[in-house]
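Let's walk through this structure together, one region at a time. Have the sequence and the 3D view open side by side as you read.

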Amino acid sequence: MRVLVTGAGGQVGLDLIAELCAGGHEAHGSDVVARPGAGVLDPAVPWHGLDVTDPERVDGLVGEIRPDRIYHLAAILSARGEINPQRTYLVNQQGTWNVLEACRTHGVEQLIFTSTIAAYGPGLPPTVPEDVPLHPTTMYGVTKVAGELLGEYYHHRYGLDFRGVRFPGLISASLPGGGTSDYALFMYVDGVRHGAYQAFCRADTRIPLMYMPDGIRALVELPEAPRSRLRRCIYNVAAFSPSAQQIADSVARAIPGVRIGFEPDPRRQAILDSWPDALDDAAARADWGWQCRFDLDAMTDDLVPRVRELLERDPDQLGNAPH
Ligand code: AKB
């Protein structure tokens with residue numbers, strides 16, 4: 001199967017492409033950022049410059065490649081998105097519209113969309129299913145909700161096989177992209193690098209999190225499920241929901257002597273407080289057999305050696321912790 005990935009240079013895209021190639025698919029990466037180096041991306045994978053806000057370029061590329069499936073990952077995340085909400089609207093909203101239109105015009109069979117816990121807003125029960133009132137407080141969340149609804153419209157109106165997941169904050173040994181959930185990853189990165197980290201949230205902050213290999217598996221399994229078994233287009237997928245203190249404790253178990261403190265930043269704390277504690281993913285379990293494999297400590301055991309190895313190779317590879 002020929003697959004195009006938008007926003008492929010981000011946190012999810014490179015791992016996803018590696019998994020798609022391992023599964024025998026012809027994967028094409030696309031992004032505004034330049035092609036990553038050979039150590040990060042298989043040189044055999046085609047890479048295309050793509051600004052999703054440019055409708056002609058999106059249309060031209062989809063017409064040229066004629067993919068069977070598109071993974072639309074291109075987006076500006078929650079924390080970075082609040083620095084420039086206007087640009088975030090263009091990339092996330094106009095970009096999704098452009099990709100949907102290209103799917104319609106060129107008869108792309110399937111579009112996979114990555115939504116997020118940021119689709120939710122304050123005032124909900126601690127554990128949320130999919131169908132509750134959605135009143136996100138960030139432009140990222142607003143555009144993700146709109147993207148979900150637009151995709152469902154194209155599914156019903158034009159027969160596009162539109163599917164997607166609402167992801168928890170994803171954690172992996174790769175450069176994060178301006179998310180508010182990044183405090184979790186930087187406990188590991190700065191824990192290894194500096195032996196210390198000041199998180200920008202309170203110790204009792206609790207949001208849904210997931211280790212990237214589970215996230216990638218969700219993106220590979222959902223598209224393969226028979227459509228007749230799916231009762232909806234967008235599914236919650238859940239893994240674990242530790243408090244920030246519990247993550248710090250897990251890191252300290254793997255990196256003895258590490259010092260993790262908490263210095264809440266009001267702007268990012270407000271975003272974190274607006275998200276639910278946990279996701280109810282009963283629908284994904286029932287309809288396509290979704291099940292996460294990593295809990296917090298299993299993630300820590302797997303992640304710490306990976307972070308260590310990456311930082312030994314290139315101390316700047318994982319970027320700097322946001323303050
Ligand atoms: C973010 O923090 O913005 C993302 C997300 C939760 O979708 N990681």
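We can start with a pair of side chains: those of D287 and Y235 are joined by a polar contact of 2.7 Å. A polar contact here is a pair of N or O atoms within 3.5 Å; within protein, one must be able to donate a hydrogen and the other to accept it, and residues adjacent in sequence count only if both atoms are side-chain atoms. You will find D287 in helix α10, residues 282-288. Helices (H or I, at least four residues) and strands (E, at least two) are DSSP runs, numbered from the N terminus. With a relative accessible area of 5%, D287 is buried. Buried means under 20% relative accessible area, exposed over 50%, and partly exposed in between, with a 1.4 Å probe and protein chains only.

Before going further, a word on conventions. This is a predicted model, in which local features need pLDDT of at least 70 and side-chain atom pairs count only at pLDDT 80 or more, while totals for chains, interfaces and linings use all residues. Residues are numbered from 1 along each chain as its sequence is written, and side-chain values use heavy atoms, with hydrogens and water left out.

Now turn to the ligand. Which residues are around the ligand? They are L77, S78, T116, I117, Y140, G169, G179, T180, S181 and W275, where a residue counts as near a molecule or strand if one of its heavy atoms lies within 4 Å of it. By class, this shell has 4 nonpolar, 6 polar and no charged residues. For that count, Ala, Val, Leu, Ile, Met, Phe, Trp, Tyr, Cys and Pro are nonpolar, Asp, Glu, Lys and Arg are charged, and the others, Gly among them, are polar.

An N or O atom in the side chain of S78 is 2.5 Å from an oxygen atom of the ligand. For Y140, a side-chain N or O atom is 2.7 Å from a ligand oxygen atom. S181 instead places a polar side-chain atom 2.9 Å from a nitrogen atom of the ligand. On its own, the ligand has 250 Å² of accessible area, and the protein covers 94% of that; accessible areas come from the Shrake-Rupley method with a 1.4 Å probe, and for residues only the protein chains shown count as cover.

Next, follow the strands. Strand β1 (residues 2-6) and β4 (residues 69-72) pair in the parallel sense over 4 bridges, and T6 stands opposite H72 in β4. Two strands pair if DSSP finds at least two bridges between them. β4 also pairs with strand β5 (residues 110-116), again in the parallel sense over 4 bridges, with Y71 standing opposite I112 in β5. In a regular strand the side chains alternate between the two faces of the sheet. In β4, R69 and Y71 point one way and I70 and H72 the other, and all are buried.

β1 has a parallel pairing with β2 as well, over 4 bridges, and here R2 stands opposite E26. Strand β2 (residues 26-31) has 5 of its 6 residues buried, so it is largely enclosed by the rest of the structure. In the loop between β2 and β3 (47-49) sits V32, which counts as exposed at 59% relative accessibility.

S174 is in the loop between β8 (169-171) and α6 (182-194). Is S174 buried or exposed? It is buried, with a relative accessible area of 17%, and its side chain makes a polar contact of 2.8 Å with the side chain of S172. R66 is in the loop between α2 (55-65) and β4. Its phi is near 50 degrees, a positive value in a residue other than glycine, and R66 is partly exposed, with a relative accessible area of 48%.
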